[in-house]
Amino acid sequence: MAKYFRVKALYPKNNMEIIVDSYGKYDEIWQLSAFLISKGFKIQQVWDDGKIVDIDIPKVNLIATEQIFVRYCK
């Protein structure tokens, strides 16, 4: 079964904040965090499927797996 993760991260070079959802791409949340860190992001907060608390940003409802979705960018 595909795992759903959400990460809030900051890109310090241009002060950009993002919220990224991963559905089926990674088996563990640290793998998504490591991917973002390798791209220059600093992790601010992480959630697994059972603990996603952003009610304003609902989970992606897709059948497709192994994808990453940028849900918010500021």
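## Salt bridges

A salt bridge is a side-chain nitrogen of Lys or Arg within 4 Å of a carboxyl oxygen of Asp or Glu. The structure described here is a predicted model, in which local features need pLDDT of at least 70 and side-chain atom pairs count only at pLDDT 80 or more, while totals for chains, interfaces and linings use all residues. Residues are numbered from 1 along each chain as its sequence is written, and side-chain values use heavy atoms, with hydrogens and water left out.

By the rule above, the count comes to three salt bridges. In one of them, the side chains of Asp-21 and Arg-6 meet at 2.6 Å, N to O. This pair links distant parts of the chain, with Asp-21 in strand β2 and Arg-6 in strand β1, 15 residues apart; strands (E, at least two residues) and helices (H or I, at least four) are DSSP runs, numbered from the N terminus. Asp-21 also forms a salt bridge with Arg-71 (3.2 Å, N to O). Here Asp-21 in strand β2 is joined to Arg-71 in strand β4 (residues 67-73), 50 residues apart.

Asp-21 has a relative accessible area of 0%, whereas Arg-71 is partly exposed at 28%. The side chains of Lys-8 and Glu-17 also meet in a salt bridge, at 3.9 Å, N to O.

## Fold and core

The protein chain contains one helix and four strands, in the order β-β-α-β-β from the N terminus on. Of its 74 residues, 32% count as buried. Among contacts (heavy atoms within 4.5 Å) between residues at least 6 apart in sequence, 63% join residues at least 24 apart.

The largest nonpolar core has 10 residues, including Phe-5, Val-20, Tyr-26 and Leu-36. Such a core is a set of buried Ala, Val, Leu, Ile, Met, Phe, Trp, Tyr and Cys residues joined through side-chain atoms within 4.5 Å. β1, β2 and α1 each supply at least two residues of this core, and the largest share, four residues, comes from β1. Leaving aside neighbours within four places in sequence, Val-20 is in contact with Phe-5, Arg-6, Val-7, Ile-68, Phe-69 and Val-70.

## Aromatic pairs

Rings of Phe, Tyr and Trp (its six-membered ring) pair if their centres lie within 6.5 Å; planes under 30 degrees apart count as stacked, over 60 as edge-to-face and the rest as tilted. The count by this rule is three aromatic pairs. The rings of Tyr-4 and Tyr-23 have their centres 5.7 Å apart and their planes at 50 degrees, so this pair is tilted. Because Tyr-4 lies in strand β1 (residues 4-11) and Tyr-23 in strand β2 (residues 16-23), the pair ties together parts that are 19 residues apart in sequence. Tyr-4 is buried, at 2% relative accessibility.

The rings of Tyr-26 and Phe-35 are also tilted, as their centres are 6.5 Å apart and their planes at 35 degrees. Tyr-26 is buried at 13% relative accessible area, whereas Phe-35 is partly exposed at 32%.

Terms used. Buried < 20%, exposed > 50% of the residue type's maximum accessible area, 1.4 Å probe, protein only.
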